[in-house]
Amino acid sequence: MAISPSSMPSASQEATSTSTSSNTFKKSRGRGTAIVVYMLFLGSVLAVVTAPIGVLIAHMKRNDAEEWVASHLQFQIRTFWVGLLGGVLFTGIWHLLGWLGLPAVAPWALGYLYFTACLIWMVGRCGVGITHLTNNRPVANPRSLAFGGARVTLADR
């Protein structure tokens, strides 16, 4: 069976179809909320108060979002609470090291390394999440401690 040129969609029809499906994802319930929460988390690098605001929004909107967007909100919630728990635990260890009488440089150096690792972890999770969100994909494993099941590399494809 031959396909005649008249039965094939034109370039404008394909563009309309592509933009229509893209707009469908852009109008998904909760997508804008997920974008705002990612931005609030990244803003917490400069103003810590934005992260608790972001997690509060994510908690309130998680049940109203479409399933694929809800995976992003769950990922954001997990990012906040795991980061907070890690920070509290490390603060206790930091005080314990100071209490043990180690030279002051040891707890401070360890604290600096921990803070840097946490910053890389949080920004990396936000980067993976934003990439998935803008490509209209859910987070594969939102309960992950790493990057949501994404394979993260520093090389080009």
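1. UniProt, in an unreviewed entry, places the feature "transmembrane region" at residues 35-58, 79-97 and 109-128. The structure discussed here is a predicted model, and the points below set the record beside that model.

2. Two of these spans can be described by their helix content. Residues 79-97 are 100% helix and 0% strand, and the end C-alpha atoms of this span lie 26 Å apart. Residues 35-58 are 75% helix and 0% strand, with end C-alpha atoms 10 Å apart.

3. The volume of the largest pocket is about 780 Å³. The elements that each give two or more residues to its lining are α3 (50-61), α4 (67-99) and α5 (105-134). Which of the elements gives the most to this lining? That is α5, with nine residues.

4. In total, 23 residues line the largest pocket. Those nearest its centre are Val 48, Gly 83, Gly 87, Phe 115 and Cys 118. Sorted by class, the lining has 17 nonpolar and six polar residues, and no charged residues.

5. Cys 118, one of the residues nearest the pocket centre, has a relative accessible area of 23%. Buried requires a value under 20% and exposed a value over 50%, so Cys 118 counts as partly exposed. Is Cys 126 buried or exposed? Its relative accessible area is 2%, and because this is under the 20% cut-off, Cys 126 is classed as buried.

6. A last point concerns cysteine pairing. A disulfide is a covalent bond between the sulfur atoms of two cysteines. The structure holds zero disulfides.

Notes:
Residues numbered from 1 in each chain as written. Predicted model: local features only at pLDDT ≥ 70, side-chain atom pairs only at ≥ 80, totals over all residues. Heavy atoms only, no water. 1 Å grid on protein atoms, 1.4 Å probe; cavity = no way out; pocket = protein on both sides within 12 Å on 5 of 7 lines; lining within 4 Å. Points joined across faces, edges and corners; volume = space filled by probe spheres on them. Helix = DSSP H or I, 4+ residues; strand = E, 2+ residues; numbered from the N terminus. Nonpolar A, V, L, I, M, F, W, Y, C, P; charged D, E, K, R; others polar. UniProt positions renumbered as here; feature names shortened; annotations may be inferred. Disulfide = S-S within 2.5 Å. Buried < 20%, exposed > 50% of the residue type's maximum accessible area, 1.4 Å probe, protein only.
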